[in-house]
Amino acid sequence: MTVALVEDHQVVVDGVRSWFGPPGPVALVAQGPTIESVRGTAADVLLLDLNLNGTMVIDRVAELCADGQRVIVFSEHEEPETVRTVLDAGASAFIGKGRATRESCLETILEVAADRPSVTPPMAQAIATDEGPHRPQLSDKERAALLYWFQSMSKASVAARMGIKERTVRQYIDRARVKYAAAGRPAPTKEKLLICAIQDGLVRPDEVTVYTSLAAQSPPEKG
């Protein structure tokens with residue numbers, strides 16, 4: 001996996017470069033003090049500081065994401081409102097400089113590069129304290145149906161687990177999609193719906209990965 005870093009403090013650049021030194025799964029392929037200095041670099045992930053040369057660049061996150069760039073914000077500005085703003089703008093993850101470690105940073109980068117959902121501590125705090133209307137409120141049954149479905153169960157298996165009809169499971173899932181669409185966050189695919197649910201704290205990543213690991217050891221269900 002390759003990373004481009006936008007950071008204007010050399011001591012931070014040196015530290016990040018040491019994290020990605022060989023041998024390792026991530027390589028730093030570009031670095032600069034401005035967005036323009038690394039723009040056009042073919043990197044899997046862009047690691048972006050929000051305060052560059054004394055100017056906050058929060059308003060540039062949406063632009064970068066619209067260009068198809070996977071953006072991970074790497075900043076000391078961990079206020080929940082700031083975290084929510086960059087996530088709503090399309091950032092894939094937020095890493096707080098104050099508590100970043102090599103291991104946690106690499107894990108987040110690899111998850112984002114593989115288009116897997118990632119929830120870091122600043123993101124979890126921002127989600128937990130958010131009462132905005134763009135976070136759809138799902139019922140307990142809607143959340144349960146989504147969770148079992150995300151755990152690689154067929155809708156028929158979800159119905160059996162919950163003791164309801166399969167068409168009711170479909171209704172719960174469709175209802176969740178309608179709520180996200182109404183909130184301005186359409187989730188037409190299972191993958192997108194999973195990312196939204198994890199970002200909103202409705203589903204924890206370990207609730208999905210633990211089951212998936214177990215399921216991989218057993219024959220797949222039919223239907």
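H7 covers residues 140-150, and H9 covers residues 166-182. Their packing angle is about 105 degrees, with the axes 9 Å apart; axes here are lines fitted to C-alpha atoms, for helices over the stretch in contact, and angles run from 0 to 180 degrees between N-to-C directions. Helices (H or I, at least four residues) and strands (E, at least two) are DSSP runs, numbered from the N terminus.

Before going on, know that this is a predicted model, where local features need pLDDT of at least 70, side-chain atom pairs count only at pLDDT 80 or more, and totals for chains, interfaces and linings use all residues. Residues are numbered from 1 along each chain as its sequence is written, and side-chain values use heavy atoms, with hydrogens and water left out.

On the H7 side, pick Lys141, Glu142, Ala145, Leu146 and Trp149; they meet Tyr172, Ile173, Arg175, Ala176, Arg177 and Lys179 of H9. Sorted by class, that contact has six nonpolar, no polar and five charged residues. Nonpolar covers Ala, Val, Leu, Ile, Met, Phe, Trp, Tyr, Cys and Pro; charged covers Asp, Glu, Lys and Arg; the others, Gly among them, are polar.

Stay on H7: is it enclosed or open? Eight of its 11 residues are buried, so H7 is largely enclosed by the rest of the structure. Buried means under 20% relative accessible area, exposed over 50%, and partly exposed in between (1.4 Å probe, protein chains only). Among the buried ones are Leu147, Tyr148 and Phe150. Step just past H7 to Ser152, with its positive phi of about 70 degrees.

Next, select the open sheet: five strands in the order E2-E1-E3-E6-E7, with parallel pairing. The edges are E2 (27-32) and E7 (93-96), each pairing on one side only. Two strands pair if DSSP finds at least two bridges between them; E6 (residues 71-75) and E7 have four.

Last stop: Asn53, in the loop between E4 (51-52) and E5 (55-56). Its phi is positive too, near 55 degrees, and Asn53 counts as exposed at 54% relative accessibility.

Key:
Contact means heavy atoms within 4.5 Å.
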